[in-house]
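Me: I would like to go through this model with you, one topic at a time. Could we begin with how the chains meet?

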Amino acid sequence: MNRATPQSKLLHSDPQIAARQRWMGVLARAGTGLAAYESALKEVDYQLIRAPEIGMCLVRGRMGGTGSPFNLGEMSMTRCVVRLADGRTGYSYVAGRDKQHAELAALADAHLQGSEQPHWLSRLIEPLAAVQHAQQVAKAAETATTQVEFFTLVRGED
Amino acid sequence: MYVAVKGGERAIDNAHLLLAKKRRGDTSIPELSVEQVREQMPLAVARVMSEGSLYDPQLAALAIKQAAGDLMEAIFLLRAYRTTLPRFGASAALDTTQMQLTRRISATFKDLPGGQLLGPTFDYSHRLLDFALLAEGEQPGPQVDPQAELSPCPRVLDFLADEGLMAREVDDGAAVPDITREPLDFPASRAQRLQALARGDEGFLLALGYSTQRGYGRNHPFAGEIRIGEVEVWLEPEELGFAVPLGDIEVTECEMVNQFVGESAEQAQFTRGYGLAFGYAERKAMGMALVDRSLRAAEYNEEVEGPAQQEEFVLMHCDNVEAAGFVSHLKLPHYVDFQSELELIRKLRKQASEQPAAEEQRA
């Protein structure tokens, strides 16, 4: 029900990897929201190992929602890999065609794997996650206004 | 057969310039921006993404603007763009059970966990033109209780499966065929059929679905559940070794409950039809679910008596880019072909008119 709860089956058993999956998801949804952090993220020297590249992901659905997979269609996406001066690498895979978004998300991923992880979690990931969560809650509240109870009427005599 | 012709470059260039002028319309009226199309025509955008087989709302909106509102032309543009991009991989299968719902209805159960959520819908509207829209104005939406929450919405058809009244859909672990890489062969698998239907023309699928309701391959459908909402897409890049979320996409899902099958009365079970489409695309998903079920005729040993049950007919004609292309090619120069037809018909008529005269002379 809740988007912030990722597909549990895909979450890694290693808690460190699971935490990374979570922040990569938050970064992927951040869109232009990352621009506000651009100067902080770019304070360090870094290299583009793989410059932001636009491509597609083949999206799969499941028959009946739970059965065997089939191909639904493609979606546009952008990926990027950066390396910080200390050798740490950061990856990004984000929906859409925003190269700036992909580069900043990869930089953030690299920062988040270093010793300053708590700083980046509290300064970058938690605020973004809070905004995303609030949007989701607001949308659910809107949808809730259209929840109905249908009453069937007795037709004819008896 | 058509032949190559030369010349006409200036006419062609000018025709394109005229088209651009027609698209722009009266310049005293402000130009439509791509973002306006994207935000204010979301259902057109959804259709172009579904049938263009590429989820990208901005590019779909651009295609609609460029095509001057001709959605089939826009679909063609998006399909063409799609071929220029590399494919980075295939996603983990969407978990639509976990979707953030904006609409969820069932026509089979009145009361169900999570309830009926109408969401933004044309249903229950009177289809009267709203002249208020001729003027610009704010659309504030309903009064929202910010504390309101949605309860979990389990899959409706699971209730039937729990009771044994319907087979459960389980992953058989088989490789997923891709009709964009390996051409369709017949008989096709259900995965191939669903991929073809997912990019198939909404009007064609709707008409075929309707034909089954009218008796051409009847399968007695109920809209078991329709879900619209946002679902996470996960990709597992080889270089990482674990899956990551790319973001969310809006999808529409329709599960039909259809007539029983079974060896005996005790074993009788309902059957399923499934539809899934990008964006808010309810009619498309319903048409797809009806046709998915009708194409399962062979699986259930049903007699194939309607067009909607004929796999090759449906799958070879549901793609509107292919259909429009082949029909449009009739506009290409067929001068040589037609000359030979013309000569033939003249010869036939000449022979026919000379023969009676010759017979008269003989008499």
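**Chains A and B**

Reply: Strand 4 of chain A and strand 4 (residues 116-117) of chain B pair in the antiparallel sense over 2 bridges. Two strands count as paired if DSSP finds at least two bridges between them. Helices (H or I, at least four residues) and strands (E, at least two) are DSSP runs, numbered from the N terminus. This is a predicted model, in which local features need pLDDT of at least 70 and side-chain atom pairs count only at pLDDT 80 or more, while totals for chains, interfaces and linings use all residues. Residues are numbered from 1 along each chain as its sequence is written, and chains are lettered from A and ligands numbered from 1 in the order in which they are written.

Me: Which residue of chain B is the bridge partner of Gln147(A)?

Reply: Gln147(A) has Leu117(B) as its bridge partner in strand 4 of chain B.

Me: And how many residues does each chain bring to the contact?

Reply: Chain A contributes 55 residues and chain B contributes 75 residues. Two residues are in contact if their C-beta atoms, placed from the backbone, lie within 7 Å.

Me: Which element gives the largest share on the side of chain A?

Reply: Strand 2 of chain A does, with 10 residues. By class, the side of chain A that touches chain B has 26 nonpolar, 20 polar and 9 charged residues. Here Ala, Val, Leu, Ile, Met, Phe, Trp, Tyr, Cys and Pro count as nonpolar, Asp, Glu, Lys and Arg as charged, and the others, Gly among them, as polar.

Me: Staying with chain A, what is the order of its elements?

Reply: From the N terminus on, they run α-α-β-β-β-α-α-β, which gives 4 helices and 4 strands. Of the 158 residues in chain A, 42% are buried. A residue is buried if 20 or more other C-beta atoms lie within 10 Å of its own, exposed if 12 or fewer, and partly exposed in between, with C-beta atoms placed from the backbone.

Me: How do helix 3 and helix 4 of chain A cross?

Reply: The axes of helix 3 (residues 99-112) and helix 4 of chain A come within 8 Å and cross at roughly 135°. That makes helix 3 of chain A oblique to helix 4 of chain A. Axes are lines fitted to C-alpha atoms, for helices over the stretch in contact, and angles run from 0 to 180 degrees between N-to-C directions. Angles under 35 degrees count as roughly parallel, over 145 as roughly antiparallel, 65 to 115 as roughly perpendicular and the rest as oblique.

Me: Which residues meet there?

Reply: Ala108(A), His111(A) and Leu112(A) in helix 3 of chain A meet Gln117(A), Trp120(A), Leu121(A) and Leu124(A) in helix 4 of chain A. This contact has 5 nonpolar, 2 polar and no charged residues.

Me: Over to chain B. What are its domains?

Reply: Domain 1 covers 9-82 and domain 2 covers 96-119 + 150-324; the bounds come from an automatic or database domain assignment. The centres of the two domains of chain B, taken over C-alpha atoms, are separated by 29 Å. Their contact takes 14 residues from domain 1 and 13 residues from domain 2 of chain B. On the side of domain 1 that touches domain 2, helix 3 (42-52) and helix 5 (71-82) of chain B each supply at least two residues. Helix 3 of chain B gives the largest share of that side, 8 residues.

Me: Why is helix 3 of chain B described as largely enclosed?

Reply: Because 8 of its 11 residues are buried, helix 3 of chain B is largely enclosed by the rest of the structure. Among the buried ones are Val45(B), Arg47(B) and Glu51(B). Just after this helix, Ser53(B) takes a positive phi of about 60°.

Me: Where else is the backbone worth a look?

Reply: Most residues other than glycine have a negative phi, and most peptide bonds are trans. Ala68(B), however, has phi near 55°, and lies in the loop between helix 4 (57-66) and helix 5 of chain B. The peptide bond from Phe186(B) to Pro187(B) is cis, with omega near -5°. Pro187(B) is found in the loop between helix 6 (156-162) and helix 7 (190-198) of chain B.

Me: Is Tyr124(B) buried or exposed?

Reply: Tyr124(B) counts as exposed, with 6 C-beta neighbours inside 10 Å. Its phi is near 70°.
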